[in-house]
Amino acid sequence: MAGQALYRRWRSRTFSELIGQEHVTQTLLNALRAGRIGHAYLFAGPRGTGKTSAARIFAKAVNCLEPADGEPCNHCSICTSINEGRALDLIEIDAASNRGIDEIRSLRDKIAFSPNECRYKVYVVDEVHMLTDPAFNALLKTLEEPPPHAIFVLATTEPHRIPLTVLSRCQRFDFRRVSVPNLLLKLERICAQEGVRARSEALAAIARHATGSFRDAESLLDQLVSFGVEEIKLEDVERVLGSAPEAVVAGMAQAVISGDAGSGLRWINEALDNGVEARQLTREVLEYLRGLLLIKNGGAQLLSVTPETEKSMAAQAEALTIARLLRAVRLFNGAGNLLKTGSHTQLPLEMALVEACLPEESPGQAQRGPGTVAGEPGAVSAPQTARAAAAGPAERRGPSSRTVVSGSQASSRPASGHVEPPPEPPDPPDLNPRLEEKRAIPPGSTKEASAAGETQAPVRQASVSADPGLAWLQENWGRLLQAIRPKSRQVEALLKSCEPLKMQGDVVTLGFYHGFHRERLNDEHNRRIVEEALSGLAGRPCRLESKLYDGNRQEREKETESSRREELLRNPVVREAIDQLGATVVDVQ
Ligand SMILES: [Zn+2]
């Protein structure tokens with residue numbers, strides 16, 4: 001058994017073991033008990049929700065020599081041979097492969113032969129939506145006149161891609177995403193049986209990350225088990241996922257609540273220094289803010305967090321108005337979109353945070369625009385002034401209180417009341433060197449900003465380059481990932497580990513930092529997913545090319561980062577008023 005992936009070893013062997021799909025298993029069990037057995041079933045639903053497991057259980061149930069109340073016995077010779085994967089009468093076809101398509105096309109000749117040892121030959125066609133048109137036709141012909149000994153179970157993550165002619169021949173069952181408590185239940189069961197020690201918050205994090213898929217949850221657990229730690233802790237899970245510690249995300253939310261941009265920026269930089277990606281962090285912040293929104297709107301039960309976390313989140317939600325929360329969501333969403341276009345800098349994330357920390361705009365403020373004179377009484381809202389005063393003059397000293405975002409007096413002013421310096425140490429502590437760089441603002445450039453309208457152009461231009469195809473690609477990169485995500489999380493992840501390099505005519509070139517990532521993407525199935533999504537976006541057939549890219553990585557990263565930063569800093573809005581900038585950022589989607 002050792003070495004076998006957990007999700008195979010822990011595959012459900014009876015309908016009752018199939019957690020979270022009771023609406024499916026009950027109906028199937030009732031039919032089996034009544035001896036009502038159809039010839040074609042469609043199991044539709046997200047990946048990792050138990051479709052192929054259910055198909056195997058069904059194959060056992062219809063053939064079992066000693067079934068008990070509809071369930072297979074798992075002991076007889078038939079159940080055993082199916083469990084061990086050597087049953088000749090259970091034919092599993094992967095429709096995503098060429099071989100699968102050939103198999104479907106040759107079905108009609110083979111299907112006439114009666115089963116070897118079972119009552120029924122069960123054909124399980126996985127990812128059936130991937131069949132080509134001729135293969136669908138062949139399948140349809142078989143479904144129209146099935147021999148009495150044949151049963152088809154078609155499994156798919158995308159039922160809408162299956163022709164109606166085929167759908168209409170099938171009994172359809174929709175599998176649901178598995179809820180976090182159910183995933184947790186299964187993980188706990190596995191740990192108990194395998195003698196694996198794991199903290200409950202660690203298992204909860206795994207369950208949350210698995211987004212409804214047993215397979216994801218179990219392979220993540222598998223990965224953690226293979227580390228051989230004595231007890232799996234939350235930090236281990238976070239490390240494997242490359243996700244930010246819960247404290248970071250909660251800390252950033254707290255910074256927004258108390259208008260403390262300085263502390264928020266420190267959280268960001270600490271997380272990034274520890275290897276968390278800016279995009280990943282932004283996603284997690286958004287997920288967290290969504291949680292606060294849910295709580296605020298009475299949807300706490302939709303959250304998948306531990307009770308302690310829920311309690312502290314509820315307190316945070318209480319401290320925020322819905323308007324403020326929505327604004328933060330919009331800001332971080334805008335930052336996420338900017339980061340998706342391939343920018344490696346954390347600047348968009350930092351700007352979103354700083355702006356989210358600003359107090360809500362009063363109508364008067366909105367009209368003042370970027371030209372506001374520094375020191376104007378209205379520039380600092382009353383509570384902020386009170387807090388600054390209470391904190392004492394020491395807080396107003398030191399460069400850090402004014403230069404977190406920008407070094408120019410005029411531009412820092414709107415933020416100065418809210419961007420507080422770190423409370424204690426007189427020595428401005430860990431304002432990361434990366435932040436310092438942002439002070440370098442060309443002098444005299446403030447005059448360009450006269451109207452907010454002019455200020456949108458520079459950010460929009462950020463992605464325009466000598467290669468218009470590439471600019472298009474960068475602009476649509478986020479949409480491409482979105483289109484791919486439901487088809488394959490793996491391919492989505494692969495795309496996140498490469499960089500679009502070129503788009504000439506219909507040929508798109510991607511640069512990979514690692515050979516194995518490149519190989520994985522070149523796998524025919526994966527490649528097809530990307531090419532289809534690309535073609536869909538571009539409105540014409542596109543072809544994918546890839547190359548290794550490690551040689552110039554450092555340089556290119558620097559180059560894009562600095563040019564992007566320059567672009568953004570050239571934007572008068574950045575210099576003049578952060579809130580205006582946020583509006584622009586949100587606009588670039
Ligand atoms: Zn049996």
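The buried residues of helix H10 (200–209) are covered by, among others, helix H9 (180–194), helix H11 (214–226) and helix H12 (234–241); contact here means heavy atoms within 4.5 Å. Helices are DSSP runs of H or I with at least four residues, strands are runs of E with at least two, and both are numbered from the N terminus. Within H10, Ala202, Leu203, Ala204, Ala205, Ile206 and Ala207 are buried, that is, under 20% relative accessible area with a 1.4 Å probe, protein chains only. Just after this helix, Thr211 adopts a positive phi of about 35°.

Residues are numbered from 1 along each chain as its sequence is written, and side-chain values use heavy atoms, without hydrogens and water.

I turn to the zinc ion. Its protein donors, meaning N, O and S atoms within 2.8 Å of the metal, are the SG atoms of Cys64, Cys73, Cys76 and Cys79, at 2.2 to 2.3 Å. Along the chain they follow the spacing C-x8-C-x2-C-x2-C. Cys64 lies in the loop between helix H3 (51–63) and helix H4 (77–83), and Cys79, 15 residues apart from it, in H4. Cys64 counts as buried because its relative accessibility is 3%; for Cys79 the value is 0%, so it is buried too.

Finally, confidence. Mean pLDDT, the predictor's confidence in each residue from 0 to 100, is 76 for the chain. Over residues 363–465 it stays under 50. Where pLDDT is low, predicted coordinates should not be read in detail.

Technical notes. Predicted model: local features only at pLDDT ≥ 70, side-chain atom pairs only at ≥ 80, totals over all residues. Buried < 20%, exposed > 50% of the residue type's maximum accessible area, 1.4 Å probe, protein only. Donors = N, O, S within 2.8 Å, 3.2 Å for Na, K, Ca; no water.
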